[in-house]
Amino acid sequence: MSAVGGRGARRARRWRHALAIAAIYGVTLLFLFPVIYLALTAFRPPADVFAVLTAGFRFSFQNFTDALGWKGVKVGESFVNSGIVATTSTVLSLVITLPSGFMLARYRTRLARTWFLAIYIIRTIPYVSWLLPLFLLAQRFEFHDTYPGIIAAQAAFHVTFYSCIFKGFFEGIPHELEEAALVDGCSRWGAFVRISVPLAVPGIVAAGILGWIWGWNELLIALFLTSDHIPM
């Protein structure tokens, strides 16, 4: 009886494992379906856009050639500008806010508390309300239609977001590791660079990806701080 019971338990575990795998694949396909449908639509001829699943195997690059050759719109230049702005603003904000997040996580001084309060207050203000002051500042200091103007604006919006993220990551790193580095002769800055930053790489990568996507998709800042193009 025990052998029969053991076989029944193993069979039940195999069924549960199979059902779990099927559920995972089902949910994955459910979330991938819009992406697959979008990709198929992009490669269909214009006449088959509304019959993607019933149009057979007819594929075309006409949509891409039409977009790249659209009169009056420099698609290639727009891609380059978006890439430059998103990448530069992300890297700049990461460099600035890594020490900020470390300070918020490790120090309990008045400066750290004031900075933490300022971050939360700024985060509660809709960023749309900052656009007109940014436009006036860009005009005043001749940053309108320039890379530095739009990069500085996007990096400024990243600062509060990144600081909160890095605060959480640095709080998860045992401070005993930094104390050991100080005992071994590292300065506070050396312990930060050699110990804390390498251990926070997953957070840096996650924040960088989110910030880059946000910078790539951002439209309102570009509309306010540029006219029709940024000189290459």
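Is I121 buried, partly exposed or exposed? With a relative accessible area of 45%, I121 is partly exposed, where buried means under 20% relative accessible area, exposed means over 50%, and partly exposed lies in between (1.4 Å probe, protein chains only).

The structure is a predicted model, in which local features need pLDDT of at least 70 and side-chain atom pairs count only at pLDDT 80 or more, while totals for chains, interfaces and linings use all residues. Residues are numbered from 1 along each chain as its sequence is written, and side-chain values use heavy atoms, with hydrogens and water left out.

**View 1. The whole protein is built with ten helices and zero strands.** Helices (H or I, at least four residues) and strands (E, at least two) are DSSP runs, numbered from the N terminus. Of the 232 residues in the protein, 28% are buried. The protein exposes about 15400 Å², and carbon and sulfur atoms supply 73% of this area, with accessible areas taken from the Shrake-Rupley method with a 1.4 Å probe and, for residues, only the protein chains shown counting as cover. Contact means heavy atoms within 4.5 Å, and among contacts between residues at least 6 apart in sequence, 70% join residues at least 24 apart.

**View 2. The largest nonpolar core has 13 residues.** A nonpolar core is a set of buried Ala, Val, Leu, Ile, Met, Phe, Trp, Tyr and Cys residues joined through side-chain atoms within 4.5 Å. The residues with the most contacts inside this largest core are L94, L98, F166, F170, F192 and I204. Helices α3 (75-106), α6 (147-171), α8 (188-199) and α9 (201-217) each supply at least two residues of the core, and α3 gives the most, with four residues. When residues up to four places away in sequence are not counted, F166 touches L94, T97, L98, G101, G203, I204 and A207. A second, separate core has ten residues, V85, L131, A138 and I151 among them.

**View 3. The rings of F102 and F192 form one of the twelve aromatic pairs in the structure.** Rings of Phe, Tyr and Trp (its six-membered ring) pair if their centres lie within 6.5 Å, and planes under 30 degrees apart count as stacked, over 60 as edge-to-face and the rest as tilted. The centres of the F102 and F192 rings are 4.8 Å apart and their planes stand at 55°, so this pair is tilted. F102 belongs to helix α3 and F192 to helix α8, and the pair links distant parts of the chain, 90 residues apart. Both F102 and F192 are buried. Ring pairs also link F102, Y107, F161, Y162, F166, F170, W189 and F192 into a cluster.

**View 4. Salt bridges join R106, E178 and R188 into one network through shared partners.** Side chains of opposite charge can pair when their charged atoms come close. Here a salt bridge is a side-chain nitrogen of Lys or Arg within 4 Å of a carboxyl oxygen of Asp or Glu, and by this rule the count comes to three. E178 meets R106 at 3.0 Å, N to O; because E178 lies in helix α7 (residues 175-183) and R106 in helix α3, this pair ties together parts that are 72 residues apart in sequence. E178 also meets R188 at 4.0 Å, N to O, and since R188 lies in helix α8, that pair ties together parts ten residues apart in sequence. E178 counts as buried at 1% relative accessibility, whereas R188 is partly exposed, with a relative accessible area of 39%.

View 5. K167 is buried, with a relative accessible area of 17%, while E171 counts as partly exposed at 40%.

**View 6. L117, I121, I122, I125 and W130 make a nonpolar surface patch of about 420 Å².** Patches are made of residues with over 30% relative accessible area and no salt bridge, with like charges joined within 9 Å and nonpolar side chains (Val, Leu, Ile, Met, Phe, Trp, Tyr) within 5 Å. I121, the residue of the opening question, is found in helix α4 (residues 110-124).
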